[in-house]
Amino acid sequence: MDFTKTDEQELMLENLREFCDRWVTEERIQDWYDKRRVDDEVCKAYLEAGFGYMFIPEEYGGIPSDAQTLAMVVEELMRTTGATMPFMSYGLSMYDLATFGTPEQVAKGMEAYNETGQQCFSLALSEPGAGSDNQSMTATVHWDDENGTCVLNGAKTMVSHAETAPYIMFIGKDEDPSHDNKSYSMFLVPKDTPGITMAPLHKIGQTSTNFDEVYFDNVVVPQSDLLGEKGKGFKQLMHNFEIERIMLSAHSLGLAQAALEEAARYAAQRVTFGQKLFKHQLIAEKLTDMEIKCQNMRNMLYKTAWEFDNGIPVRLDSALCKRYLSTTATEVASDAMQIIGGLGYTTESKIGRIWIDARGDSFAGGTEEIMVHIAGREIVKKYASDLL
């Protein structure tokens with residue numbers, strides 16, 4: 001495995017840095033975090049620069065890309081801005097829609113995406129009583145075959161982009177909400193469909209992305225809104241979890257690298273007890289351990305992305321990657337805050353924002369504990385399959 005960047009990748013990352021220099025100022029970032037969304041103008045500019053089309057199938061106007069290159073872009077975007085820029089999920093959502101949607105559904109999604117550059121749908125998956133334990137989901141789909149419609153009911157929570165996306169990807173159990181029912185169906189539903197209401201949730205970090213509870217009260221939709229196959233909604237949803245975990249890991253790495261660079265620059269300027277801060281052995285030790293962690297994070301991320309691109313199963317490695325990088329990014333950001341000191345604990349320093357945002361990655365896309373649950377089973381299969 002050779003992770004040396006190609007000339008094309010270097011040019012792409014250079015163009016990305018130029019995009020950030022032009023469109024992403026610290027003042028704008030703080031404004032986006034306050035109002036819970038990135039301006040349409042900037043989302044559209046990101047799309048028109050080509051980054052937002054990466055990983056979307058070429059037949060729908062996308063740009064062919066591999067997971068390793070996309071991970072580099074996500075990493076660099078977070079490193080350059082020192083913030084959570086939600087663009088990374090936009091193209092992946094279109095990739096999901098293109099995987100399971102009908103040509104008509106994909107066309108609707110691309111039309112909405114091209115218009116604003118914002119994510120075309122929000123994912124209504126988690127519920128107040130069903131987060132990682134998806135089998136406890138109680139949202140239901142009633143099939144009215146006589147009228148060619150379905151009735152959706154249920155309460156969804158922690159729905160990202162609900163306020164800005166024109167569509168909602170709803171998933172519920174067919175007819176029966178009982179725990180043993182494993183028949184799920186997914187639908188692509190216009191957000192303004194009667195019976196849908198929302199209530200905002202206020203995160204402490206990553207607030208550039210809005211977050212809501214969404215309620216479905218006898219929401220009637222045509223059966224043509226079905227996304228993929230009836231009864232196979234959850235399997236479809238699981239299909240793309242691995243690439244999502246790789247990209248979330250890239251988000252963690254970018255934040256950690258931003259924190260390390262911020263701390264190193266501070267240590268090179270700050271003078272205490274008559275010498276530069278980095279010359280104190282305890283500070284040098286922190287910087288050393290942070291660098292080791294960032295290099296290990298990058299090696300694990302790039303290896304997992306390379307495996308994905310080469311058709312090697314990554315169920316184990318994507319879970320290991322997600323667990324290690326999300327926890328380690330928080331450690332690096334915490335050490336960076338310690339080096340910067342009290343100033344790092346203020347809203348005037350972006351290291352505090354990085355620290356809070358990194359902490360959120362321990363929940364997004366599957367908790368640390370769920371990654372252990374997934375990895376533990378895969379490890380036993382890897383080393384002791386003859387005993388199962």
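Which residues in H5 meet Gln-105, Val-106, Gly-109, Met-110 and Tyr-113 in H6? Before I come to that, let me say that this is a predicted model, in which local features need pLDDT of at least 70 and side-chain atom pairs count only at pLDDT 80 or more, while totals for chains, interfaces and linings use all residues. Residues are numbered from 1 along each chain as its sequence is written, and side-chain values use heavy atoms, with hydrogens and water left out.

The residues in H5 are Tyr-90, Gly-91, Met-94, Leu-97 and Ala-98, where contact means heavy atoms within 4.5 Å. Helices here are DSSP runs of H or I with at least four residues, strands are runs of E with at least two, and both are numbered from the N terminus. The axes of H5, residues 87-100, and H6, residues 103-116, come within 9 Å and cross at roughly 165°, the axes being lines fitted to C-alpha atoms over the stretch in contact, with angles from 0 to 180 degrees between N-to-C directions. H5 is therefore roughly antiparallel to H6, a label used for angles over 145 degrees. In H5, 11 of the 14 residues are buried, meaning under 20% relative accessible area with a 1.4 Å probe, protein chains only.

Turning to the strands, E2, residues 140-144, runs antiparallel to E3, residues 149-160, and is joined to it by five bridges; strands pair if DSSP finds at least two bridges between them. Within this pair, Trp-143 stands opposite Cys-150. E3 is also joined by nine bridges to E7, residues 211-222, again antiparallel, and there Gly-154 has Phe-216 as its bridge partner.

Key. Buried means under 20% relative accessible area, exposed over 50%, partly exposed in between (1.4 Å probe, protein chains only). Angles under 35 degrees count as roughly parallel, over 145 as roughly antiparallel, 65 to 115 as roughly perpendicular and the rest as oblique.
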